[in-house]
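Biologist: Please walk me through this one, and tell me what each term rests on as we go.

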Amino acid sequence: SSDLLFWVTGSWKTEIYIKLLEKYLKEDKQSLLLIPEIVLTNQIASRLEKFFWKNLIILNSTVSEAKKTEYFLDIASWNAKIVIWTRSALFYPFSNLWIIMIDEEHDNSYISDQTPRYNAIEIANKISDLSWCKLLLASWTPSVNSMYKAINWDYKLLNLFEKFKK
């Protein structure tokens, strides 16, 4: 099933990611969080690193080819439980992937304009359709395509319109 999480800045989005990652980690299942390249060094990645450090792989363009190969093998052998990366992570050989979360789903970096051209959101939808994998799209400004799918009941619309107050 696919969900669209519509949130406002200051809401509980990161806490939702943490709870979902904890749930699937306890069940010994793999999770994938896609984030735009520009956001890779943001607070979400650093907060998740504090929670899941030994079970977490964070990949970006600065990771060497040798390390990417090592991560490829870790993902395929089920040693990597939580992966945070950009759109290309969808093509890694997950053996027990149960959730794909796409942060800032409206971001244009999910669309590859180089060969092969593809839309990571559509690839994630197809993976979700063909497997038991859940898909959660999140954005404070959902794309027109995602809102259309929510209106037509292809996605379940979840919203966090309340700001978090300590």
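Biologist: Which residues is Ala 124 in contact with, leaving aside its neighbours within four places in sequence?

Modeller: Ala 124 is in contact with Leu 90, Ile 100, Ile 102 and Leu 135, where contact means heavy atoms within 4.5 Å. This is a predicted model, in which local features need pLDDT of at least 70 and side-chain atom pairs count only at pLDDT 80 or more, while totals for chains, interfaces and linings use all residues. Residues are numbered from 1 along each chain as its sequence is written, and side-chain values use heavy atoms, with hydrogens and water left out.

Biologist: Why is Ala 124 called buried?

Modeller: Buried means under 20% relative accessible area, exposed over 50%, and partly exposed in between, with a 1.4 Å probe and protein chains only. Ala 124 has 0% relative accessibility, so it counts as buried. Its place is in helix α4, helices being DSSP runs of H or I of at least four residues and strands runs of E of at least two, numbered from the N terminus. Across the chain, buried residues make up 46% of the 166 residues.

Biologist: What makes a nonpolar core?

Modeller: A core is a set of buried Ala, Val, Leu, Ile, Met, Phe, Trp, Tyr and Cys residues joined through side-chain atoms within 4.5 Å. The largest one here has 28 residues, and Leu 32, Val 83, Ile 100 and Ile 102 have the most contacts inside it. At least two residues of this core come from each of β2 (30-34), α3 (65-76), β4 (82-85), β5 (97-102), α4 (120-130) and β8 (134-139). Another core, of 20 residues, lies apart from it, with Tyr 17, Leu 33, Ile 35 and Leu 48 among its members. In soluble globular proteins, nonpolar side chains tend to be buried together.

Biologist: What does Ile 100 contact, beyond its neighbours within four places in sequence?

Modeller: The contacts of Ile 100 include Leu 32, Ala 124, Ile 127 and Leu 136.

Biologist: What stands out in phi at Glu 104 and Trp 153?

Modeller: Phi is positive at Glu 104, about 55°, and also at Trp 153, near 70°. Neither is a glycine. Most residues other than glycine have a negative phi, and most peptide bonds are trans. The bond from Thr 115 to Pro 116 is cis, with omega near -5°. Pro 116 is in the loop between β6 (111-112) and β7 (118-119).

Biologist: What makes something a pocket?

Modeller: A pocket is an open set of points, on a 1 Å grid over the protein atoms alone, where a 1.4 Å probe fits, with protein on both sides within 12 Å along at least five of seven lines; lining residues have an atom within 4 Å of a point. The second largest pocket has a volume of about 170 Å³. Of its 15 lining residues, Glu 105, Asn 119, Ile 121, Ser 143 and Asn 145 are the closest to its centre.

Biologist: Which element supplies the largest share of that lining?

Modeller: The largest share, 4 residues, comes from α5. Both α4 and α5 (144-151) give at least two residues each.

Biologist: What is the overall pattern along the sequence?

Modeller: The chain has 5 helices and 9 strands, in the order β-α-β-α-β-α-β-β-β-β-α-β-α-β. Of the contacts between residues at least 6 apart in sequence, 76% join residues at least 24 apart.

Methods:
Grid points are joined across faces, edges and corners, and a volume is the space filled by probe spheres set on the points.
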